[in-house]
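Dear colleague,

I am passing a structure on to you, and below it I have written out what was found in it. Please read the notes with the structure open beside them.

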Amino acid sequence: MKNLLNLGVFTALLLALFASALTAAEFDKDVWSEDYAKSMARAKAENKPMLVLFTGSTWCPGCIQLEKQVLSKKDFKDFARENLVCVVIDTKRNMFGDLEIANAAFRMQNLGLMSEYEIQGFPTIYIVKPDGKKIPVMEDRYDRYLNTIKELSKVAAKTK
């Protein structure tokens, strides 16, 4: 019985590691960063708006749909590389269903940001102007996120 319990724990840990590896691979490093402070500094230096995505890339149906329908598309990636600095704050669920930060290196940063931005659900997207002003993206249809992001970026650029 003890061996079965150990096997179950080992299997759960192995699946969690596998899920973490999948999460890290979903966001292109040439578009997305996990380091908020460095991204904010880059956004200020390049005078670009920053897109902040709070997501649950492995467990949240809306997040998965957003990633598949918008964030993984060439149009979005091309637009983002040219016009935005993108930051992803990714979460996962542990075997008890509790939220955890996907990348342990950014745990404290991400927990602080989730509190600062008052995140109530996933996905949540903000555009942050180079001066630090936060503009929430309030859109419930994932196929419209790209257009909304483009429009808010234009507004943010005009009001520097």
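In helix H5, which spans residues 107-116, the residues Asn110, Leu113 and Met114 are buried, where buried stands for under 20% relative accessible area, exposed for over 50% and partly exposed for what lies in between, with a 1.4 Å probe and protein chains only. Seen down the axis of H5, these buried residues fall within an arc of 100°, so they line one face of the helix; the arc is that of the directions from the helix axis to the C-beta atoms. Met108 and Ser115, on the other side of H5, are exposed. Helices (H or I, at least four residues) and strands (E, at least two) are DSSP runs, numbered from the N terminus.

Before going further, please note that this is a predicted model, in which local features need pLDDT of at least 70 and side-chain atom pairs count only at pLDDT 80 or more, while totals for chains, interfaces and linings use all residues. Residues are numbered from 1 along each chain as its sequence is written, and side-chain values use heavy atoms, with hydrogens and water left out.

Helix H3 (residues 61-71) can be described in the same terms: Gly62, Cys63, Leu66, Glu67, Val70 and Leu71 are buried there. Viewed down the axis of H3, its buried residues fall within an arc of 140°, so they line one face of the helix, and on the other side of H3 Pro61 and Lys68 are exposed.

Some points concern the backbone. Most residues other than glycine have a negative phi, and most peptide bonds are trans. Asparagine 47, although not a glycine, has a positive phi of about 55°; this asparagine is found in the loop between helix H2 (36-46) and strand E2 (50-55), and at 35% relative accessibility it counts as partly exposed. Glutamate 118, also not a glycine, has a positive phi of about 55°, lies in the loop between H5 and E5, and is exposed, with a relative accessible area of 60%. The peptide bond from phenylalanine 122 to proline 123 is cis, with omega near -5°, and proline 123 is found in the loop between H5 and strand E5 (124-128).

Lastly, what does the side chain of aspartate 90 make a polar contact with? Aspartate 90 lies in strand E3 (residues 85-93), and its side chain makes this contact with the side chain of serine 57, at 2.7 Å. A polar contact is a pair of N or O atoms within 3.5 Å; within protein, one must be able to donate a hydrogen and the other to accept it, and residues adjacent in sequence count only if both atoms are side-chain atoms.

With regards
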